[in-house]
Amino acid sequence: MVYKSPNIIRWNFVLAIVITIFFTSKFSFAKQSKLMGLKMNMIDRCWRPNPEWRKHRQQLVTCSIGYAGKMTNNIGKGLTHYKVTNPNDDPINPQRGTLRYGASVIQGKVWITFKKDMDIKLMKPLLISSFTTIDGRGVNVHVADNACLMISKVTNIIIHNIRIHHCKAQTPGMVMGPNGKVIHLGQVDGDAIRLVTASKIWIDHNTLYDCEDGLLDVTRGSTNVTVSNNWFREQDKVMLLGHDDGYVRDINMKVTVVYNHFGPNCNQRMPRIRHGYAHVANNLYLGWMQYAIGGSMGPSLKSESNLFIAPKVGSKEVTWRKIGHTNGDKWEFHSVRDSFENGASFAVTKGSRVQKPNYNKEQIFQVADVKSVRFLTRSSGAIQCSKTSGC
Ligand SMILES: *[C@@H]1O[C@H](CO)[C@@H](O)[C@H](O)[C@H]1NC(C)=O
């Protein structure tokens, strides 16, 4: 009896400490998340401060901004949850568990995650079906060293938190199509992500570099595209918006380019625009060699609150215009509240009005002051998420 009571006291003491630690850590974590959220850009603030983001992955669809609008068509009734467990690739007869099975064979709404870190070498371009989300959060996924992603004649696609690099040109051949049937695919250039007649596409938090052709091509009547939070580096031709000078359908192309980080060692096309309209806002340009933003065939550009840091040597001018073609010397290049460092300059179109993006209520967002661009783009590219401290 004499020795029992100190034991009880000790037990209560331990319990009290455990409870205190539990509550204070929970409180400080919530507080920390809230503080983190305040410093994040509009997209990240929508999901990253949530320590339970893994449980609520689909919340991401409400976070998109710009021309892609909200991606709510990608979730809801009939959604298939698919986990990639196998990094191998068979382009014609994809095995269950591989990325190609989830992206091309499964039809309807599918949300693709990855079981573990993976290096995926695709044997042919991956043709992604409509209503597919590729969500690489929480793991380190590389699609590299051969064929890469193709988004052709489809809609409602999210590509999130993937590293895509060293993409190579592909010879014609048979491959599983986006409708789950094997098709013949012609010659494909070595781009990281290629859009062909695609719409409502959101490309967020990916790291793209060092490919044979370009990093992102938006072509052949593709529209309603948002390119956000990506890190583009080590590349000659970075981003092409508009197929070729003769492809007039691209006049309806609308692309939002926001919170991306360009550089180091990007040469040109950040982006290069043909025919259509691009709203390029709150991006960080860490140098260029030939130019940062260029175009031909009467493109329209609203460059808003971007930070352009000119290279030490080479061209200080941000823009480039292709001239000498019929209709080729008409363009609307406007710069609004951009910031220029290291002697950077921007040749604007004079004597006309800045074309507004005319976003609807699903697409609209507040462009931040250029002073915060370094901060807002600080975690661009694929991000490392930890099990304990969130994303
Ligand atoms: C693009 O988005 C707008 C606004 O949501 C919509 O009206 C239009 O039909 C879309 N275009 C395509 C080709 O999907």
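Cys 46 and Cys 63 form a disulfide (a pair of cysteine sulfur atoms within 2.5 Å), with their sulfur atoms 2.1 Å apart. The model is predicted, so local features need pLDDT of at least 70 and side-chain atom pairs count only at pLDDT 80 or more, while totals for chains, interfaces and linings use all residues. Residues are numbered from 1 along each chain as its sequence is written, and side-chain values use heavy atoms, with hydrogens and water left out.

**Exercise 1.** Describe the link of Cys 46 and Cys 63 and the accessibility of both residues.

*Solution.* Start with the torsion: at -70 degrees about the S-S bond, this link of Cys 46 and Cys 63 is left-handed. Both cysteines lie in the loop between α2 (42–45) and β1, 17 residues apart; helices (H or I, at least four residues) and strands (E, at least two) are DSSP runs, numbered from the N terminus. Then turn to accessibility, where buried means under 20% relative accessible area, exposed over 50%, and partly exposed in between, with a 1.4 Å probe and protein chains only. Cys 46, at 25%, is partly exposed, and Cys 63, at 2%, is buried.

**Exercise 2.** Find the handedness of the disulfide of Cys 148 and Cys 167.

*Solution.* The sulfur atoms of Cys 148 and Cys 167 are 2.1 Å apart. Because the torsion about their S-S bond is about -90 degrees, the disulfide is left-handed. Cys 148 sits in the loop between β6 and β7 (149–152), and Cys 167 in the loop between β9 and β10 (173–176), 19 residues away. Cys 148 is buried at 4% relative accessible area, as is Cys 167 at 1%.

**Exercise 3.** Work out which strands pair with β6, and how its faces are covered.

*Solution.* Two strands pair if DSSP finds at least two bridges between them. Three bridges join β3 (residues 118–120) to β6 in parallel, with Met 118 opposite Val 141. Three bridges also join β6 to β9 (residues 163–165), again in parallel, and His 142 has Arg 163 as its bridge partner. As for the faces, Val 141 and Val 143 on one side and His 142 and Ala 144 on the other are all buried.
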